[in-house]
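Q: I'm new to this one, could you walk me through it?
A: Gladly; here it is, and we can start with a term or two.

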Amino acid sequence: DQTIHIHPSILSADFARLAEELERIQNADAVHVDVMDNHFVPNLTLGLPVVKAIRQATDLPLDVHLMIEDADRWAPEYAEAGAESVTFHAEAAAAPIRLARELRARGAKAGMALKPATGVEPYLDMLAELDLLLIMTVEPGFGGQPFLDVVLPKIRRAREALDGAGVPVALQVDGGVTRETILRAAEAGADVFVAGSAVYGAEDPAAAIDELRRTPLR
Ligand code: DX5
Ligand code: ZN
């Protein structure tokens, strides 16, 4: 039974008015927070102090997406900061199974992300260690990029593996999600959708969230 969850990305919000920007997405399922370190990706956004401030400024669950090197060292700190879920990149983790367990031990949901060209197959045996699998549908680093259809077969394979294993892992997509592309991602089996520009680029972000959530499912 597939339910659509919408996680607006504050990367597309006005960073000088974060509290107000959070108010505008009160109907979201969670707020997606993109942490970038200018090493794993060629962009620098925000880190632990700002995540802690966001935690204080909203009752929405925090879905933290770490686009940073040395995830093993830093991800647990975001769990301690009160994130509901912490997603590290498989490409940046030296010991992803240990790290996922560490996140759960600190009370957060464990998420793992794959860049567009990273295969899901090497990770199929560790799905039960995760609460969330994030399949990037753009190269991470920036909002406002077009959705990569080339990733759709991987989403389908991930959905089949999750259903086959019977493990309750959320299948999240991030990058280029719009009212049009969300259909294809949902059809492929995703159930959590990050949307930056599609939400904050709209006149009424809350209405944009509701529209995305009304995506018709098969
Ligand atoms: C990209 C980030 C995304 C980004 C999505 O590296 O991980 O979360 O904010 O923005 P849109 O929806 O505009 O592609
Ligand atoms: Zn993201």
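A: Ala, Val, Leu, Ile, Met, Phe, Trp, Tyr, Cys and Pro count as nonpolar, Asp, Glu, Lys and Arg as charged, and the others, Gly among them, as polar. This is a predicted model, where local features need pLDDT of at least 70, side-chain atom pairs count only at pLDDT 80 or more, and totals for chains, interfaces and linings use all residues. Residues are numbered from 1 along each chain as its sequence is written, while chains are lettered from A and ligands numbered from 1 in the order in which they are written.

Q: How do the residues of the shell around ligand 1 divide?
A: They divide into 12 polar, 8 nonpolar and 2 charged.

Q: And which are the closest to ligand 1?
A: Of the 22 residues that surround ligand 1, the closest are S9, L11, G143, G196 and S197, where being near means that the C-beta atom, placed from the backbone, lies within 6 Å.

Q: New topic: what does UniProt list for "active site"?
A: The unreviewed UniProt entry lists D34 and D174, in the numbering used here, with feature names shortened and annotations that may be inferred rather than shown by experiment. They are spread over 141 residues of sequence, yet they cluster in space, with a largest C-alpha distance of 10.6 Å.

Q: Is D34 buried or exposed?
A: D34 is buried because 24 other C-beta atoms lie within 10 Å; buried means 20 or more such atoms, exposed 12 or fewer, and partly exposed in between, with C-beta atoms placed from the backbone.

Q: What about D174, buried or exposed?
A: D174 is buried too, with 27 other C-beta atoms within 10 Å.
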